[in-house]
Amino acid sequence: MKRFPDWAWPVTAFVLLVVLWDVSIRVFGLKPFVLPSPASVAQALVADWQELADATLYTLVEIVLGFALSVIVGIGLAVAIVTWRPLEKAIYPILVGAQVIPKVAIAPLFVVWLGLGLAPKVLIAFLLSFFPMVVNTVVGLRAIEIGKLHLARSMGATASQIFFRFRLPRAMPNIFAGLKLSVTAAVIGAIVGEFIGADEGMGRVLLVANGNLETAKLFAGIVLLSAVGIALFLIIAALEKIVIRWHVSQRALQELGS
Amino acid sequence: MSLIQVTGAAKRYAVASGEVAALDPVSLTVNEGEFVSILGPSGCGKSTFMLMLAGLISRSAGTIEIDGVKVDRPYTDLGIVFQDHNLLEWRNVLSNVMLQIEVRGRDPAQYLPRAQDLLRMVGLDGAEARLPHELSGGMRQRAAICRALIHEPRLLLMDEPFGALDALSRDQLNVDLQQMWLARPTTVIFITHSISEAVFLSDRVIMMTPRPGKIAADIKIDLPRPRPMSVRETPAFGAYTKQIRGLFEEWGVLRRGAA
């Protein structure tokens, strides 16, 4: 028997879900404004394509900016925390404290501070996505075995050699785990930001469609948004495959795939 | 000529209930070019001693001098092989060996032929491009040995390098190590808990007692080199292992079986 290729599993599951969705509408006689059929969502996707595509692009910019900021600040802060203990003691509790504040609750404040433009959305996307980045990078940079540090010092390695040749490569698997969590959080952050107040972007389209009971359009927007999230995730996963081919997580995938 | 001079070096650790002695004061002189084994049961402070010797951990007392210079920070004219191979998982075999050269800022082009020679000597030619996870345990340890020798160090420290290997790989590596050492004799401190390994490889076997560790005997091994694997069946070899086993029994490290 020929083996089921890897990509066929999620595709099959997705098709089955869509069929289930369609069948349940017919069986339970659901109204289109409660749950639109897959076909009508597809129609909305085509009919409102220009508006939806523009909104997606706008939101994508917010996501990418917020994510990029969280990567730069997150990794930078993680490096500082790992190299300087007092900073860890001072900042880690504050970081955790900040993480448990529901960002959605304080988001309206950002609009007050920063207006209706790009800035508050980028800030919220950044705030939601930056915590997993810091935590994972810190864990990764600490993962180096004591024996490897002894080895490095026996070679007379400088602090920067120890960091770039030993600690950082060793941290890459954790950094990629952080990137994956972080990028999906950035998608949510951008939409949350737009829900609070926006003239443009997918969040606004979703709100308006919801208000007008244009549920098919709402779903079409969600489909596009998911596509963006999945695409960003896959880009990172592809990079990960190249960068940490040596790591046990990638080896397991290779063996499963072979 | 003596290369290493250890005088009263000791290590104590602070614990919640005060202090624990990991190593009682140890004094030892090792001559240049000597192959010295440090033999003792687990937990006798052998590894602690080795790390102190390399200047990688601090001492609580005493002095250590290598080549007339006090070891108060990492001594770098050495190569170390640990029980764990400590190869960098993201580098292939050759680039793990060359790491030593890169970090020391020496010219890679100059050392590349030597790296290839060493890898050939341990039977790793053809495996240069493989990643550590694609190697067997024995091959990883061979690569680690090449990494420790590539820069032609004054001193080679080995901390139970073959302890995690199966008995056959271990025998083979003992033979290979002796061959490499004979090709270019350097001073070696070899930590082990295997009596026959210590006798097979060494010019001198330093015996340690456990908890806190201290040096209890210093036995010169007078067997001609190169020693084939079969030397272990000779009466002379047997006499050495018997003497060592007898001392461990005397100290209560080994219990005599039923007579």
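This is a predicted model: local features need pLDDT of at least 70, side-chain atom pairs count only at pLDDT 80 or more; totals for chains, interfaces and linings use all residues.
Strand β7 of chain B covers residues 155-159, and it's mostly covered, with five of its five residues buried. B:Leu155, B:Leu157 and B:Asp159 point one way from the strand, while B:Leu156 and B:Met158 point the other way. So who does β7(B) pair with? One partner is strand β6 of chain B, residues 78-81, which runs parallel to β7(B) and is joined to it by four bridges.

Now for the antiparallel kind. Chain B also has an open sheet of four strands, in the order β2-β1-β4-β5, with antiparallel pairing. At the edges you'll find β2, residues 18-31, and β5, residues 69-70, each pairing on one side only. β5(B) pairs with strand β4, residues 61-66, over two bridges, and that's where B:Glu65 stands opposite B:Lys70.

What lies across β1, β2 and β4 of chain B? That's helix α1 of chain B, residues 46-53, running at about 65° to β2(B). Eight of its eight residues are buried, so α1(B) is largely enclosed by the rest of the structure. The buried list takes in B:Phe49, B:Met50 and B:Leu51, but also, among others, B:Lys46, B:Ser47 and B:Thr48. Just after the helix, have a look at B:Gly55, which takes a positive phi of about 75°.

Zooming out to chain B as a whole, we've got seven helices and 10 strands. The radius of gyration is 19 Å, close to the 18 Å that the globule rule gives for 259 residues, so chain B is as compact as a globular protein of that length. Its C-alpha atoms fill a box of roughly 55 × 45 × 40 Å along the principal axes. Buried residues come to 41% of the chain. And take the contacts in chain B between residues at least 6 apart in sequence: 70% of those join residues at least 24 apart.

Next, where does chain B touch chain A? There are 18 residues of chain B in contact with 15 residues of chain A. On the chain B side, the elements giving two or more residues are β6 and α2, the latter being residues 93-103. By class, that side has 11 nonpolar, four polar and three charged residues.

Last stop, chain A. Helix α8, residues 159-196, and helix α10, residues 215-243, have axes that come within 9 Å and cross at roughly 170°. The two are therefore roughly antiparallel to each other. Their contact has 11 nonpolar, two polar and two charged residues. From α8(A) you've got, among others, A:Met172, A:Phe176 and A:Leu179, and from α10(A) the set includes A:Leu232, A:Phe233 and A:Ile236. A:Lys180 in α8(A) and A:Glu240 in α10(A) are also part of that contact.

That's my tour, happy to take questions.

Methods: Residues are numbered from 1 along each chain as its sequence is written. Chains are lettered from A and ligands numbered from 1 in the order in which they are written. Two strands pair if DSSP finds at least two bridges between them. Two residues are in contact if their C-beta atoms, placed from the backbone, lie within 7 Å. Axes are lines fitted to C-alpha atoms, for helices over the stretch in contact, and angles run from 0 to 180 degrees between N-to-C directions. Angles under 35 degrees count as roughly parallel, over 145 as roughly antiparallel, 65 to 115 as roughly perpendicular and the rest as oblique. Ala, Val, Leu, Ile, Met, Phe, Trp, Tyr, Cys and Pro count as nonpolar, Asp, Glu, Lys and Arg as charged, and the others, Gly among them, as polar. The radius of gyration is taken over C-alpha atoms; the globule rule is 2.2 Å times the number of residues to the power 0.38. A residue is buried if 20 or more other C-beta atoms lie within 10 Å of its own, exposed if 12 or fewer, and partly exposed in between; C-beta atoms are placed from the backbone.
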